[in-house]
Structures are given as C-alpha cells and as structure tokens.
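Hi there,

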Amino acid sequence: MPTLPREQAGGERPEPVRPHQVRQVAESFGTDARRYDQARPGYPDDLVARIVAGSPGPDVLDVGCGTGIAARQFQAAGCAVLGVEPDPRMAGFARARGLGVEVATFEAWEPAGRTFDAVIAAQSWHWVDPVTGAVKAAEVLRPRGRLAIFGHVFEPPAEVAEPFAAAYRRVAPDSPFAGRPARRPLETYRAGYAKIADTIRETERFGEPEQWRFDWERSYTRDQWLDLLPTTGGLTRLDSGRLAEILGAVGNAIDALGGSFTMHYTTLATTAVRTGTP
C-alpha cells in the first residue's frame, strides 16, 4: 500500500511512513462528506457477490466505512452491516443513509463480544495498523468467516495525471504526497496487497490468502473528475486557493482532451478465511 516520505536530518535516506501513522490525513475525508459520497465510485458487483457467497452468513463488519458506499452495496445484497468509522462527520452521513455506525478507529473499537461472518475494508485498510488490524479481524470473525480487503487502482491517462502532479508539486511542495510520480504501475499496488497477505499469514488464524482482481472502465467529464479530486487524500487538507490552482490545471488538461476521458480501473482484493474455533 502507499507510503509517505518522512523527513530526516543529516541527509539520510527518508524513512517511509505508513499511512495509518498519519491520522490527520486519514480523518480529513469528512471535510465534505456529501461530495465524497456522490463522487467516489462504488465497487464491482462481482466482488460483492463473491464475498457474500464465500462467507458463512450475512453479518458484515465494515472497517473504515466512510459514508457507507461499500456498505450499501452489501446491504443491497442482503447483508446486515455494521460500520466502524473514526470520522464522526462521515459516520453521521452514513447513519443518515441507514447504516449503523460506531465511531472509533478499528484498533480502538470495542466489539463487546460481537462476531461477524465477514470483515470488509473498502479503500480503507491502509489507514489501519496492518498487524493489529489483521489480529483484530481474526478475533471478531466467526469460524469460516471471511476477511476481505479491497480498493481501487485508478490512474488517469498521462495527459491528465502529469499536469495534476506538476501543479501539486508547485503549490504544495512540502506535502508528503508531493514526491509521488504522476502515475504508478499496477505492480506497485499489487505488491501492497501482497504485503497485506503476509500480515494475514503471520496471525496464523487464517487459511492461505487469495488475491482477486477486477478490471473495469468509467468515463468522466471535466466536471465529474474535478468533483472527485478534492475527496482524495492529497487534496482534502489544502486551502481553497491552492486547491483551485490544481483543479484549474487539471480542468485545462481535460478540456484539451475534448472535455472528458475514460478511466481504466482495477479493483484489487486480498481475502482469507478464518480458521479454527471461536
């Protein structure tokens, strides 16, 4: 999963910082929960169906549920879903849409003896301590229950990604996101999900993890993409002036493409089944 560079003195090589160590970013998405919910894409129906079919029952715990985008898909598939979300603004929005949510980080959340048939984390596991999270997931899963960690890889075409990266470096050079390349190969993300599998194995409470992949496409107009961009981690904490400058550069790039572009999405998942007895 992504890492952020940590500044070090004396010219030493920067030490990577795991996203779960940067709580102020993790808890900034609720700045505009409504925009987040409307702009962020859902998840492939085949992924949801596969998780539901591979779980022993309908009770689902959604870790880092946000506004409930994934949770509503699982509810539509017949599941009873409880969300855990650290940002009360996101939790409030999800509750208003019919999802039960408890406000806490997953690491600090108290299950109070409750167990579940599936634990899911949709585009959120990189904000959870990976070792603590895997152990806790095992503790709250029923035998044969499924842990499913998944998220999107969505890289815009170079004609859009490169102007965005250049503008971001210009207006926010001190941001931990500023040093990222404009586009990163899919293998970078696949390696992140392989590391998740390693932490799951280390618990010795799951069967062999599986890696799933779903490829799909979605077209975006200029306005649709500029609505989504402010909901991403690098932009949620920027002031309005710097945000406008970045959005202006990206908007010009999309205009040059005719006002729209096609995004090629890959949704990756690492999933494993809980073994043993309660």
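Let me begin with a pair of helices. The axes of helix H6 (residues 130–140) and helix H8 (residues 186–203) come within 9 Å and cross at roughly 50 degrees. The contact draws on Pro-130, Ala-134 and Val-135 from H6, and on Thr-199, Ile-200 and Thr-203 from H8. As for handedness, H6 passes H8 in a right-handed crossing.

Please keep in mind that this is a predicted model.

Now for the chain as a whole. There are 10 helices and nine strands, and buried residues account for 50% of the 278 residues. If you take the contacts between residues at least 6 apart in sequence, 75% of them join residues at least 24 apart. The accessible surface is about 12,600 Å², with 50% of that belonging to carbon and sulfur atoms.

Two other helices are worth a look. Helix H4 (residues 69–76) has Ile-69, Ala-70, Ala-71, Gln-73 and Phe-74 buried. What do the buried residues of H4 pack against? Their partners are helices H2 (33–39) and H3 (45–53), together with strands E3 (59–63), E4 (80–85), E6 (116–122) and E7 (141–155). Just after H4 comes Gly-78, which takes a positive phi of about 100 degrees.

Helix H7 (residues 158–171) has 14 residues, and its span from first C-alpha to last is 20 Å, close to the 20 Å expected at 1.5 Å a residue. The buried residues in H7 are Val-160, Ala-161, Ala-165, Ala-167, Tyr-168 and Val-171. In an α-helix there are 3.6 residues a turn, so residues three or four places apart point the same way. The buried residues of H7 pack against helix H9 (222–228), helix H10 (240–256) and strand E9 (260–273).

Finally, a residue from one of the strands that H4 packs against: Phe-116, which sits in strand E6. Is Phe-116 buried or exposed? Its relative accessible area is 6%, and the cut-off for buried is under 20%, so Phe-116 is buried. Leaving aside neighbours within four places in sequence, Phe-116 is in contact with Asp-59, Val-60, Leu-61, Leu-82, Trp-109, Val-140, Leu-141 and Arg-142. Of these, Leu-61 is 55 residues away from Phe-116 in sequence, yet their C-alpha atoms are 6.5 Å apart in space.

Happy to talk any of this through.

Best wishes

Note on methods:
Residues are numbered from 1 along each chain as its sequence is written. This is a predicted model: local features need pLDDT of at least 70, side-chain atom pairs count only at pLDDT 80 or more; totals for chains, interfaces and linings use all residues. Side-chain values use heavy atoms; hydrogens and water are left out. Helices (H or I, at least four residues) and strands (E, at least two) are DSSP runs, numbered from the N terminus. The expected span of a helix is 1.5 Å times one less than its number of residues. Buried means under 20% relative accessible area, exposed over 50%, partly exposed in between (1.4 Å probe, protein chains only). Contact means heavy atoms within 4.5 Å. Accessible areas come from the Shrake-Rupley method with a 1.4 Å probe; for residues, only the protein chains shown count as cover. Axes are lines fitted to C-alpha atoms, for helices over the stretch in contact, and angles run from 0 to 180 degrees between N-to-C directions. A crossing is left-handed if the near helix is turned anticlockwise from the far one by less than a right angle, and right-handed if clockwise.
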